[in-house]
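Hello,

Here is the structure you will be working with. Please open it first and then read the notes below it.

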Amino acid sequence: MSDDPARRTVRPESGLSGDDYSPTWTDDDRPRIPRVAGEREALIAYLDYYRATVEMKCRGLTSAQARARAMPPSTMSLHGVVRHLAGVERWWFQQNFERRDVPHLYFEADHPDMDFDPPPDADFAADLAVWRAECATSREIVAGHDLDDTARPLDWDEDVDLRWLMLRMIGEYAQHCGHIDLLREGVDGRTGA
């Protein structure tokens with residue numbers, strides 16, 4: 001607890017002081033998640049919040065920092081996570097839900113881990129742009145469908161609805177935003193929720 005009386009002020013609605021909360025990212029510009037929302041609005045808001053978290057936590061990094069494997073023994077890097085998420089966006093929304101005939105982004109039979117293990121010539125800024133474009137395409141797909149619309153993913157024997165897919169993506173992003181928090185801290189010590 002802080003010795004500064006201003007920081008110890010208890011908030012009446014929660015009974016908590018500022019010291020009881022996680023530190024925040026100083027230039028946090030993520031969209032606010034509505035506290036009261038319909039199902040579609042809430043799903044979109046949560047997914048976009050996590051996408052904005054990726055964007056925010058990758059801001060200001062050099063290519064070398066983005067490529068750093070900052071949390072040994074893990075071999076993950078921020079660059080690799082961004083490439084992975086771009087591929088996941090394409091895989092689920094375009095290739096599986098809409099069955100678009102588009103190639104995999106970072107996968108080759110003899111190099112299946114090209115997402116998490118970027119080749120030496122991979123460009124972080126370009127890969128961020130690819131991820132942003134994949135997110136934009138995914139948003140267009142969501143806008144064009146009802147939550148009850150279904151599709152059968154490749155190699156599956158049951159359908160999924162768009163609601164399931166959005167929840168699946170929220171889970172994917174939540175998991176990787178935790179990785180991103182640790183990786184960013186390992187790169188330059190920066191922390192915050």
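Predicted model: local features only at pLDDT ≥ 70, side-chain atom pairs only at ≥ 80, totals over all residues.

Residues are numbered from 1 along each chain as its sequence is written, and side-chain values use heavy atoms, with hydrogens and water left out.

Asp48 lies in helix α1; helices (H or I, at least four residues) and strands (E, at least two) are DSSP runs, numbered from the N terminus. Is Asp48 buried or exposed? Asp48 is buried, with a relative accessible area of 18%; buried means under 20%, exposed over 50%, and partly exposed in between, with a 1.4 Å probe and protein chains only. The side chains of Asp48 and Arg139 are joined by a polar contact of 2.9 Å. Such a contact is a pair of N or O atoms within 3.5 Å; within protein, one must be able to donate a hydrogen and the other to accept it, and residues adjacent in sequence count only if both atoms are side-chain atoms.

Helices α1 and α4 pack at an angle of about 175 degrees, with their axes 12 Å apart. The axes are lines fitted to C-alpha atoms, for helices over the stretch in contact, and angles run from 0 to 180 degrees between N-to-C directions. The two helices are therefore roughly antiparallel to each other, a term for angles over 145 degrees; under 35 is roughly parallel, 65 to 115 roughly perpendicular, and the rest oblique. Residues making this contact include Asp48, Arg51 and Val54 of α1 and Trp131, Cys135 and Arg139 of α4.

The largest nonpolar core has 36 residues, of which Val54, Phe93, Trp131, Leu162, Met169 and Tyr173 touch the most other members. A nonpolar core is a set of buried Ala, Val, Leu, Ile, Met, Phe, Trp, Tyr and Cys residues joined through side-chain atoms within 4.5 Å. At least two residues of this core come from each of α1 (39-58), α3 (78-97), α4 (124-143) and α5 (162-188). Apart from neighbours within four places in sequence, Trp131 is in contact with Arg51, Val54, Glu55, Val82, Leu85, Ala86 and Tyr173.

Overall, the chain has 5 helices and 2 strands, and 38% of its 193 residues count as buried.

Regards

Notes
Contact = heavy atoms within 4.5 Å.
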